[in-house]
Every structure is written in structure tokens, then in C-alpha cells.
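This report walks through selected local features of one protein model. Please keep the sequence and the 3D view open while reading.

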Amino acid sequence: MMDMHDAAVRVIAQQVHCFSEQSKPFRIYHGSTNSTRTSQRRADNTIDTSQLTHVLSVDAASKTALVEPNVPMDALVEATLAHGLVPPVVMEFPGITAGGGFSGMAGESSSFRYGAFDATMRSIEIVLPTGQITRASKTDNPELFWGAASAFGTLGVVTLLEVELCDAKPYVELTYSLTTNSRDTVEAMEDASSKEEIDYIDGVVFSKNETILCIGKRTDDLPERATLQRFSRRTDPWFYIRARDVLKQLRKNSGPRASNTVVDYIPLRDYLFRYDRGGFWVAKYAFRYFVTPFNRVTRSALDRFMHARVMYRAVHKSGLADTHMVQDVGVPYDAVAEFQDWLDASFGIYPLWLCPLRVQRDGADAQHGLHSDFGRPGGAPNLMNFGVWGPLRGGSSTGRRDVVARNRALERKVQALGGKKWLYAHAYYPEDEFWAHYDRASYDALRAKYGAEYLPSVYDKVRVDVDAEEAAVRATWKARAKHSVKEIWPVRGLYGFYKAAVGGDYLLQKSDKARSAGKSGSKPA
């Protein structure tokens, strides 16, 4: 398998070299992806890496795995669990890939301890924009290693990742508790993060005064009378629904003997991908859009369409995300209360997702931070991630310019509080304001050193050009007519549903093939 990998990478390197010789920018085609942005694939401007989908080896002795960039999280977890190991940070959607997590700043409920997914890499193989194949790690070419992290492919094509692993256990003991204000929420999360036995921390904010904290630890033990709580089967609740039920239970608890916590025992894999069904809770907005009852029967009947892989396809094709807020941002702990109050007054979007993230680099690593300044010494060591996903007030009547204005308000507020916005989602900054957030000088110096100046920059890849969107609509009568038809309810939704229906099975079959590849490649190459 390693020989097959090396042969595939040589082809990619030759293609990159040809583009370099012409100073012709290229894009990277990964295949199906969990992203909020679509990419145009053309034969004349694309490097196709979609064949790099294998777990090449899992080494139990060194606790590492060699994986190609398009290995999805479910395939990676399945391959490592066969050795009693698991990645320290596993993104919550099964279809998120290892390469996407490394290049796009991905974190999860274990990131309070380990940092983002990129911080759990030991090394990478990368095809530089000149076509040269090289390796980089935290100690060897560290500026390239950290520069490539969260660079969205603008410093080259990552073709292999060496992922650090830790010991797995069969269950997660998850303790839910209720906090009634943001200061208590932060304090409780900080207290939990100081305890060595705690492995996972996140929270679901149901209202300004009600947050369910979810504190987990891996365990070998299942109490004798405990019933396993699962989230992966059609008949299981979405994790969001379970958290909502826990909230109702804790509201009722009162009196000196009443418990102020609820405990679930969850199979490890079910915990790691607990938000897959329903896409956290975003899928409930589809029920609202189609005026469909939201209950156990309808969720079960439509379960095929409620998994993140299929939902992303529907979102891309429908364009409905253009009328929703879909952002993840991080603010310092001491700004959480102010930011949550501002979100409540400005948008009133609930639920919100809270996840504490360790973003500070240690020691020598700190000298080779990302091109963004949150990787540098002196910044906040931790940020509280807010997942803000939901419809904006005004619903489908909200104009595109108004959507942009509200996203811009969010960007400015986060900046004012000393926070950061993760760039997997749409960015609306004008270019000068975008680079005010990041260390452009060090980023440009890296790009010059490794011959990447002819490639699109990070800003080019994440920005939304609304003027260009509107010009495209005005360009021809066909474009205007198509846009007008899409504005009629429920055309957009039906189109997205159709594309999910015809494409969903393909995406799930591709996942199955990736999992099979993970199994067959789990022995050392």
C-alpha cells in the first residue's frame, strides 16, 4: 500500500510541477467533503487527490497511524480501535477528513486538553507548490508544518499525515449538569479541565439562562444496572434531543436530595460521532422549512437524510445556507459573558454549541505559530468556541445583503473581544480587515520561501464576493430567471432534497469503501 501511495504522490507532484512551470494557480479536488464552501472542478485547473483515502498503517508500539488526507474520521476511528487506540481529537462528523481537519483548524470536545486536530499530528508529507515532495514535523521544518496547518492548501498539497494516538476504552461516562449563567458555565468548564481524568468537555446552550454541560471520561467499566445510551441507530435519539430531555429532567429536580446531574454510559464510537445525526441540531430547520412535524416518527422515517454527509450535499445544492448564520468563532474566557449577551440580543439563535479550545503553542512550537496570531506567545491560552448555526430573523425573506451585514457584525464583535473566527465557514471581511486579524508578513514569507506565491491565498479561498454573485445573476436572462425561480418556496429546498436523495447513497457507499480500506490497511505497511 505504501508503494501505491508513493506512486500516486509522484503523479500529483508531476502535475503540481507543471502548474508551477506555468505559474498557473490550481485547486485541490478531494472528492466528497464536509465543507460550507463548494469548489469548481475543471480538468485544466485541478489537482485530483480523491484517491488518497487509505489508512496505510497503525503502529501500536509508537501509538501513531499513517493516513492519507481523504481518510474520513469514521474510517480512521475504526482502523485505530482495532488496535485499542483512538486519535486524541476526533471531529464530530464521520465524513470530515484527516487532511481537512489538519488544513482547516478543526477542534472537538477533547481540544481543551490537546488543542486542535493539527496539534495531534506528528508529521506530514507535503507536495510543495514547486512539485517537490518533502516532510515536515514539529521539529523538522516546523515553520512549514505549522504554516501548512490551517492554510487550506495554500502552501502545498498535504498527501500523508502521521497521527498521534492514545489508549481507547469501550465507553464514555458522560455527566450532564445545568448552569444558569455564562460565568458559571465557564467556571465549571475550567474546573473540569483541571481534572486529569476528564477527557471531553462541551455544552449546549438552550437559552440565555440554561446551558447543559457535558463532561466525559473514557472508562472500561459499565455499572451493573446501567443501560447503554446510543446515538447512531435510526431508533436512537439525536444527541441534541437527549440533551434537551436532560434539561427538562434537571429543571424538575428540586429539594435537598434531588440530583443535579444525569449520567449516561455511551459506546465510544457513538460518543465521538454523537452529533452526526441531525448535524448537531441544524436538521430541525429542514423540518421547519418543509412544514413537517418534528417528532420521533418523522425523524426515524427521514433518518437517511439526517446524517451530515447527506445534509452537506443538500445544503450545497439548495443554497439555503445563504439565509442562515453558519459560523464558529472563539472568544477569550473573560469575554464569554459579554459575547453571549450580544448574541442573544443580536440574533436570538438557539441552541448554541460551546467547546473550550486550547490554542496556545508550547515551547519551541510557539515560535512557529500559524499565520494567524492565536498560535503565538502572549495570546489567550484558551478560547471558548461558539457554534452559531441557525436561521436569521426574517427567515427566507432575509435579503442576501442583510445576511452579509449580520455576518459582518459578528466578525467585528469577535474582533473587538480579541477572539478569532474559524475559516471553514464563509468570511465576509474586506481584504485589509481580514489581514488585520492575521500575521500576513510571516504567511507571505513562507509562501515566498516555498514557491507558493502563484497560488490563491487563504483570503482568496475563504472570502465571499457578493458583488460577483450579484453580477453573475444579472449577466443573462437565464441566470436571472433561474435565480427568480429559486426564490419561490419551496424550490430551493426541494432541489437540495432531490440532490441528497440521488447522491446520498453514493456518499454513504464511498464511506463504506473508505472504512474497508481502513481495515485492510490497518497493519503496518
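## A buried strand residue

I47 is buried, with a relative accessible area of 0%. Here buried means under 20% relative accessible area, exposed means over 50%, and partly exposed lies in between, with a 1.4 Å probe and protein chains only. I47 belongs to strand β2 (residues 46-48). Helices (H or I, at least four residues) and strands (E, at least two) are DSSP runs, numbered from the N terminus.

Which residues are in contact with I47, leaving aside its neighbours within four places in sequence? They are I12, Q15, V16, F19, F26, R27, I28 and Y29. Contact means heavy atoms within 4.5 Å. F19 is 28 residues from I47 along the chain, and their C-alpha atoms are separated by 9.6 Å.

## Basis of the model

This is a predicted model: local features need pLDDT of at least 70, side-chain atom pairs count only at pLDDT 80 or more, and totals for chains, interfaces and linings use all residues. Residues are numbered from 1 along each chain as its sequence is written, and side-chain values use heavy atoms, with hydrogens and water left out.

Strands of a sheet pair through backbone hydrogen bonds, either parallel or antiparallel. In this model, five strands form an open sheet with antiparallel pairing, in the order β3-β4-β8-β6-β7. β3 (55-59) and β7 (133-137) stand at the edges. Each has a single partner strand, so one side of each is left without a neighbour in the sheet. On average, neighbouring strands of this sheet are turned by 15° against each other, direction ignored.

β3 and β4 (residues 64-67) run antiparallel and are joined by four bridges. Two strands pair if DSSP finds at least two bridges between them. S57 has L66 in β4 as its bridge partner. Helix α2 (residues 73-81) packs on the sheet and touches β3 and β4. The direction of α2 makes about 35° with that of β3. Axes are lines fitted to C-alpha atoms, for helices over the stretch in contact, and angles run from 0 to 180 degrees between N-to-C directions.

## Two helices crossing

Two packed helices are described by the angle between their axes and the distance between the axes. The axes of helix α6 (residues 182-193) and helix α12 (residues 336-346) come within 9 Å and cross at roughly 135°. That makes α6 oblique to α12. Angles under 35 degrees count as roughly parallel, over 145 as roughly antiparallel, 65 to 115 as roughly perpendicular and the rest as oblique.

On the α6 side, the contact is made by S182, R183 and V186. On the α12 side, V336, A337 and Q340 take part. These residues divide into three nonpolar, two polar and one charged. Ala, Val, Leu, Ile, Met, Phe, Trp, Tyr, Cys and Pro count as nonpolar, Asp, Glu, Lys and Arg as charged, and the others, Gly among them, as polar.

## Backbone exceptions

Most residues other than glycine have a negative phi, and most peptide bonds are trans. M105 has a positive phi, near 55°. M105 lies in the loop between α3 (98-103) and α4 (111-114). Is V291 buried or exposed? V291 counts as exposed, at 65% relative accessibility, whereas M105 is buried at 14%. Phi of V291 is also positive, near 50°, and V291 sits in the loop between α9 (284-289) and α10 (296-301).

A cis peptide bond joins Y350 and P351, with omega about 0°. P351 is found in the loop between α12 and β15 (352-358). The bond from W489 to P490 is cis, with omega near 0°. P490 lies in the loop between α18 (477-486) and α19 (491-520).
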